[in-house]
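Please look at the model below before reading on. The text then goes through it one topic at a time.

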Amino acid sequence: MGPRMGQVVGQTGSMTTVIGANIRRLRKQRGWAQARLAWELCRAAGVQGEPVSAQEISRWEAGRRTPRDWLPFLAAVLGVSVDMLTGPPVPPEPEMPALADYLPAGDPLAPLSTRSGRRIGKGVVLDLHQRVHGLRLADDVVYGLDLIGRAMRDLRAAITLYREARHTEETGRHLLSLIGEFAQIAGWIASDAGQHADAERIYRLGLSAAQQAEDHTLAGNLAGSLAYQLSNTGREAEGLVLARAALAEAGPDAPPKARALYLDRVAWAHTKAGGPESAQHAMRALGEAGEALAEDSEGTESPTWLYWVEAGELKVMESRVYTELHRPLRAVPLLRDVLSRYDATHTRELALYLSWLAVAYADANEPEEAAATAERVIGLSADMASERTAERGRVVLARLAEYAHVPEVRTVLDSAA
């Protein structure tokens, strides 16, 4: 009889925890994703299909299941003896969920058993690269509900190509990365449209594609995007855990711009989660984000999707954190500086950043300035198909209500009503 699936342990004991910690440590020493270890394990065992998945590896590492019959094969692929896998105990790592815990059930990206489509190569991959980048650029000027249809069509088309067309293994990995990229921007657009449940499903699908492609930087971006949504939609504790996991999983070798982006999201997650030390943690993450970005140079290679990460964006996040922490004396100068140089054609971002400035002015007891800024926010977002911007408008009006006795504020509130 061949190896069986990892069996559930009735009561998770110390031995299971030890084995899981050792598997995780040895896997990371090789720089393997959990999906890579699962593939190596099935190949070593000589079994067809994928009876062991990345999710199962994650359960073993977390001590929720024990590998049992898979132990000899694990030892072989990790280059150790079975005794080394089962002991001596290693110090437990701080609890941190693996990104595999966030993958969708089953495998929606599984190729069809019989691929009847045409054979595709580098030309199709290049076309998809250009299309996904075009979609990202479109999101700068077309928003939410106005763009979600195109985004979903592009994502479905990429998935269909991967599952049905014939291609080499290398082309397949490129397609998986592109599916991850399409999913990231489609999830962002769905979130902008207020379709948060759909966005979460899309992000998880993209995370699955990125992990299968062993594209750790992209996986971190997808996980961080979902974490950002969770932090902004009432699931702050989950958002913080996932933002930290995204940073940890990408590792120190991620491009500087990527690390800066992940650290920015960690800072925001700490800010939204609150707690006695949230401000300290957020400030530390912001400082590390700045240090990471400073490591970027002209010769540093970064994925195309990081084109927008630059010093101005870090300043925006810093100012938003200060606003959320009710520190307007720090927030206002930062926001005014960024907005003075911002591209006015990016209307949604302009309205969003102005909304933070309006709240900061209100916190600084400057109701007239807050009212004037709020009026700009409302004017910019009036015909915009962005739920994100609409929600920020509601936040601004609620904050201004405290100053309803001020004539300028009263005018804005009456106009909005």
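Begin with a meeting of two helices: Glu313, Val316, Arg320, Thr323 and Glu324 in α14 are in contact with Tyr353, Trp356, Val359, Ala360 and Asp363 in α16. Sorted by class, the contact of α14 with α16 has five nonpolar residues, one polar residue and four charged residues. Two packed helices are described by the angle between their axes and the distance between the axes. Helix α14 covers residues 311-324 and helix α16 covers residues 347-363; the angle here is about 35°, and the axes are 10 Å apart. The crossing of α14 and α16 is left-handed.

Now consider the chain as a whole. The model is a predicted one. The chain holds 19 helices and two strands. Of its 417 residues, 51% are buried. Take the contacts between residues at least 6 apart in sequence: 71% of them join residues at least 24 apart.

The next topic is the backbone. Most residues other than glycine have a negative phi, and most peptide bonds are trans. Glutamate 214 is not a glycine, yet its phi is positive, at about 55°. Glutamate 214 is found in the loop between α9 (196-212) and α10 (216-232). With a relative accessible area of 32%, glutamate 214 counts as partly exposed. Asparagine 365 is not a glycine either, and its phi is positive, at about 60°. Asparagine 365 sits in the loop between α16 and α17 (367-381). Asparagine 365 is exposed, because its relative accessible area is 53% and the cut-off for exposed is over 50%.

The last topic is charge. Side chains of opposite charge can pair when their charged atoms come close. The model has 27 salt bridges. One of them joins glutamate 61 to arginine 27, with the closest N and O atoms 2.7 Å apart. This pair links distant parts of the chain, as glutamate 61 is in helix α3 (residues 54-62) and arginine 27 is in helix α1 (residues 14-29), 34 residues apart. Are these two residues buried or exposed? Glutamate 61 has a relative accessibility of 10%, so it counts as buried. Arginine 27, at 3%, also counts as buried. The cut-off that decides this is under 20% relative accessible area.

Another salt bridge is formed by glutamate 56 and arginine 65, where the closest N and O atoms are 3.7 Å apart. Glutamate 56 is buried, at 2% relative accessibility, whereas arginine 65 is partly exposed, with a relative accessible area of 23%.

Aspartate 139 and arginine 348 also meet through their side chains in a salt bridge, at 3.0 Å from N to O. Aspartate 139 lies in the loop between α6 (122-138) and α7 (148-164), and arginine 348 lies in helix α16, so the pair ties together parts that are 209 residues apart in sequence. Both aspartate 139 and arginine 348 are buried. Which residues are linked in a network of salt bridges with Asp139 and Arg348? The network also takes in Asp192, Glu349 and Arg388.

Notes
Residues numbered from 1 in each chain as written. Predicted model: local features only at pLDDT ≥ 70, side-chain atom pairs only at ≥ 80, totals over all residues. Heavy atoms only, no water. Helix = DSSP H or I, 4+ residues; strand = E, 2+ residues; numbered from the N terminus. Buried < 20%, exposed > 50% of the residue type's maximum accessible area, 1.4 Å probe, protein only. Contact = heavy atoms within 4.5 Å. Axes fitted to C-alpha atoms, helices over the stretch in contact; angles between N-to-C directions. Left-handed = near helix turned anticlockwise from the far one by under 90°. Nonpolar A, V, L, I, M, F, W, Y, C, P; charged D, E, K, R; others polar. Salt bridge = Lys/Arg side-chain N within 4 Å of Asp/Glu carboxyl O.
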